[in-house]
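Q: Could you walk me through a few local features of this one, with the cut-offs as we go?

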Amino acid sequence: MKIIIAGAGEVGTHLAKLLSREEQDIILIDNDEEKLRELDANYNLMTVIGNPTAFQTLKQAQVYKADLFIAVMPFESRNIMACTMASKLGAKKTLARVDNYEYLLPENKAFFENLGVNELIYPEKLAAEEVITALKHTWTRNWFELCNGELIVLSVKLHDNAKILNKKLYELTTAESQFHIAAIKRIHETIIPRGNDEIKIGDIAYFTTTPNHIQEIQKLSGETEAEIHKIMIMGGSRIAIRISSYAPDNMAIKLIECDKQKSYKLAEYMNDIIIIQGDGRNVDLLKEEGIRDMDAFIALTDSSETNILACLTAKELGIKKTIAEVENIQFISTAERLNIGNIINKKLLAASRIFQLLLDEDSSNAKCLALSDAEVVELVAKENSKITKAAVKDLKLPSDLTIGGLVRNGHGMVVTGNTWIQPNDHVVIFCLDTALHKIDKLFN
């Protein structure tokens, strides 16, 4: 597949690195020659220096041969223009990153299709949805539902009260067990575990299970659920705006924004929440605004460092549920070790969503959970695909890939070695970045 990415910013660069391991024909376009030179030297991709909205540049990149053209530049108008031009020049499918939620409304889809823009992606919307999910399932780090909740993927950070610490996975697997530990995040790496691996204190364990056995995992993890009614948000970003519109009626939000003019603008069209103009890094201000009475604290400023430190402060002040936007990928492992709670990263969410669209043409079923060095993907097994040819234990799956569970005829089930995957099963795959290119061979 020939894929052209317009824009070597954070989303474009991360996506290019991700796809360059996939044995795909990747071309990255940007004006920044120095940035492209580094990527060209270290990754399996080609680069084109130039303006992605210039005919000459698009022709140089041979856009007429593109199976997919992805525009992820900082400005949505340029992304839409680039996709329109690419489509008219012969690109088979286009995708544009946008910053306007109105563009995603169903009644506007035909308008963009006529322009030649087939898919739109709004990273802030994806991030806001992640935050709302985290507020509804406070004891988990991630919560991922398939087929109307028939199969659940969740992750939990394990503390010294967890009952599964220092036990080998085969000891936890019995005929009665209805969960599968599919991955373990430990310090700077994600492990696809085998039977002899042990759960250690501080690990983030990823489980697959069915709805009836959630409480079993909660008990084994030593976690308790907390109800969220009062939320304090630091930073009036687009994510914060979307959170306020998605939040249930029983959640009251207080937002602190440092910039005076911005806080006034937010107050104009967010009249259902309390807007405070001030510096959220000021502990005295946080106390004055009642942080000790809050159930959750969400840090959404432009600075990853500020968000991490703010969540640590909130923890010290007694807040049980904290969520930080950490856009610097290098900080994610450190932030997880600091126990600041849930971590949101827009570019991982956006890149994973785009990657899922590449794997599954039926985008209505596309779901993907983003980790810093791994992916959790839902795919539908196709007729005569390799994944359906034998029982799981006989498929000789790579060591950096595992099957977490599946949904068959609307019913979720945990996968064992004796499970035989059937066509049309919805299957959850956990894999490291090194194994991404192997998924397509299994399912197509």
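This is a predicted model: local features need pLDDT of at least 70, side-chain atom pairs count only at pLDDT 80 or more; totals for chains, interfaces and linings use all residues.

Q: What is the strand order in the open sheet of five strands?
A: The order is β7-β8-β11-β9-β10 with antiparallel pairing, where strands are DSSP runs of E of at least two residues, and helices runs of H or I of at least four, numbered from the N terminus; two strands pair if DSSP finds at least two bridges between them.

Q: And which strands stand at the edges?
A: Those are β7 (142–146) and β10 (189–191), and each has a single partner strand, so one side of each is left without a neighbour in the sheet.

Q: How many bridges join β7 and β8?
A: There are five, in the antiparallel sense, with β8 spanning residues 151–157, and W143 stands opposite L154 in β8.

Q: Switching to T210, where does it lie?
A: T210 is in the loop between β11 (204–209) and α8 (214–221).

Q: Is T210 buried or exposed?
A: T210 counts as buried, at 11% relative accessibility, given that buried means under 20% relative accessible area, exposed over 50% and partly exposed in between (1.4 Å probe, protein chains only).

Q: What does T210 touch?
A: Leaving aside residues up to four places away in sequence, T210 touches E150, L151, Q178, G412 and M413, contact meaning heavy atoms within 4.5 Å.

Definitions and conventions. Residues are numbered from 1 along each chain as its sequence is written. Side-chain values use heavy atoms; hydrogens and water are left out.
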